[in-house]
Amino acid sequence: MNRRDFMLHTFYASLAVALPACSPKDKKPHGDMAGMANMAATPAAAQPLAPLSALPKNLPLQSLPLLANQSADANAFKATLTAAPMQYEIIEGKPTEVWAYNGSRAPLLIELVEGMTVEIELINQLPQPTTLHWHGLPVPPEQDGGPMEAVPPNGKRTYTFTLPDDCAGTYWFHPHPHHVTHEQVFRGLAGALIIRPRTPDALSGLPETHVFVTDLKLNADGSIAENDVNDDMNGREGQFLLVNGQYQPMLDLKKATRLRVWNGTNARFLNLQLQDNAGATQKLTQVGTDGGLLTAAQTHDELLLAPAERAELLLNPNSTHATSFKLNAAAYNQGKMGMVQATPASTLVDLTLAGTAFKLPSTLRNIVPLGDAVHQQRVVMSETMSMANGVHDMKFFINDQQFDMNRVDFTSALGVVEEWTIDNISDMDHPFHIHGGQFQPIQRERLDATKGAPTKFAPSWKDTINLRSGESVRFKMRQTHKGVRMLHCHILEHEDAGMMANVHVV
Ligand code: C2O
Ligand code: CU
Ligand code: CU
């Protein structure tokens, strides 16, 4: 069955199961379609979602709460993170059970410095095993919170590692247990992590603002919605896009500002766009990626931040009069399967910007190319679709296999440069992520060369990169610790459904 037939088949099958008396011309908008799929799968669980008016908006943006350092030693960081359920009123009068670190409603921020020795204790008060994964950090595999080393309920463990030099950048942390990473993240477990350079970088003089984006799929009764079949297939998106835990907050900036943006959602593609109050698109100035500053700033009309990607932007005023903007996530079509609408546009932050323009240095940083690769590695991301009893079933694969914790899928050699080629032969976008640190993207091309010429990447360090259907991306990477790493799609529903593989570094 080709994709289009599959979609139609899926659509009619879901009508037949959910609403026998309904005809295709009664086609409803997105929310109702999602509800129908949910009814078909779990009739008792169908719940109306909270309307967008249920959450207050335009409140001043709060900073991310900083995780305090308990160490007296300036070269060390020591803290405890307790993961536990807690209740609070997201909708007034209707308490929501969320899962949080240290009882914080907003995502926490961990600030580290290059070269630091880090010791963070995890206490698990969740009803499930959990881990702490340091997304993008060059830490040893056994300290990186993989699913093989889950901490059971009521258990604890301490993660310790020493940061190398030259790893300043914008990272994050989240759980990585087997099969339930998506659930732990959608219930609230994820936080920001910044590694500061030991000596100031080209933009260290600027004030910073942090925009940690998550999303929330909330029922009208205040409970967090369960995933429906469309969420499992395409990745879950909530109706509320949150910034630092707030819905469409306001940000008032009086100076040129370094803005760090994290996509901490399960599956939402953030097509970042800056819009002025006349509705016109303004250029976005990007100064950094996942692994720190770019060598030179880039300007974009839109900047796609796929799930798990980060970017640093410069918001630069051009007059002392405050100008209003919206930082939006513009509409994006990642090729969702089933009768599901493409991700609609949404505002992240309303902001005003004033002050004098900052003179951006032409060179932000030096990135030394990794050089010739000693090995080649090839990853193919694919899918299969089937219809059994009128219910669509999709499976996602890495090199034709689903994840098995006990199988080694790739072998990498310690300390040498390897060139990885990732092909996406499936019908949707998949953000590819590999553990162990940062890679250098080389080029992006179409698998069908008649569809366009390859494009080279400007120098950068990244740990997550999006691949559209029919794309291939090449990057170079050097693994710096022995042990078992993982690579996977960072749509967390896909990861948990097995779109993940082990890389044994020897
Ligand atoms: Cu943020 Cu294995 O991932
Ligand atoms: Cu990771
Ligand atoms: Cu995926």
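Met381 sits opposite Asn424 in strand 25, where a strand is a DSSP run of E of at least two residues, helices are runs of H or I of at least four, and both are numbered from the N terminus. This is a predicted model, in which local features need pLDDT of at least 70, side-chain atom pairs count only at pLDDT 80 or more, and totals for chains, interfaces and linings use all residues. Residues are numbered from 1 along each chain as its sequence is written, chains are lettered from A and ligands numbered from 1 in the order in which they are written, and side-chain values use heavy atoms, leaving out hydrogens and water.

**Strand 25 and its partners**

- Strand 22 (residues 375–388) runs parallel to strand 25, and seven bridges join them; two strands pair if DSSP finds at least two bridges between them.
- On strand 30 (residues 471–478), the pairing with strand 25 is antiparallel, again over seven bridges.
- Here Ile422 stands opposite Val473.
- Strand 25 (residues 417–424) is largely enclosed by the rest of the structure, because eight of its eight residues are buried (under 20% relative accessible area; exposed is over 50%, partly exposed in between, with a 1.4 Å probe and protein chains only).
- In a regular strand, side chains alternate between the two faces of the sheet.
- Both faces of strand 25 are covered, with Val417, Glu419, Thr421 and Asp423 buried on one side and Glu418, Trp420, Ile422 and Asn424 buried on the other.

**Copper ion, ligand 2**

- His133 (NE2) and His433 (NE2) are the protein donors here, 1.9 Å from the ion; donors are N, O and S atoms within 2.8 Å of the metal (3.2 Å for Na, K and Ca), and sites may look incomplete because water is not among the atoms.
- His133 belongs to strand 5 (residues 133–135) and His433 to strand 26 (residues 430–434), so the pair ties together parts that are 300 residues apart in sequence.
- Both His133 and His433 are buried.

**Copper ion, ligand 3**

- This ion has His430 (ND1), Cys489 (SG) and His494 (ND1) as its protein donors, at 2.0 to 2.1 Å.
- Along the sequence, these donor residues follow the spacing H-x58-C-x4-H.
- Cys489 counts as buried because its relative accessibility is 0%.
- His494 is buried too, with a relative accessible area of 0%.
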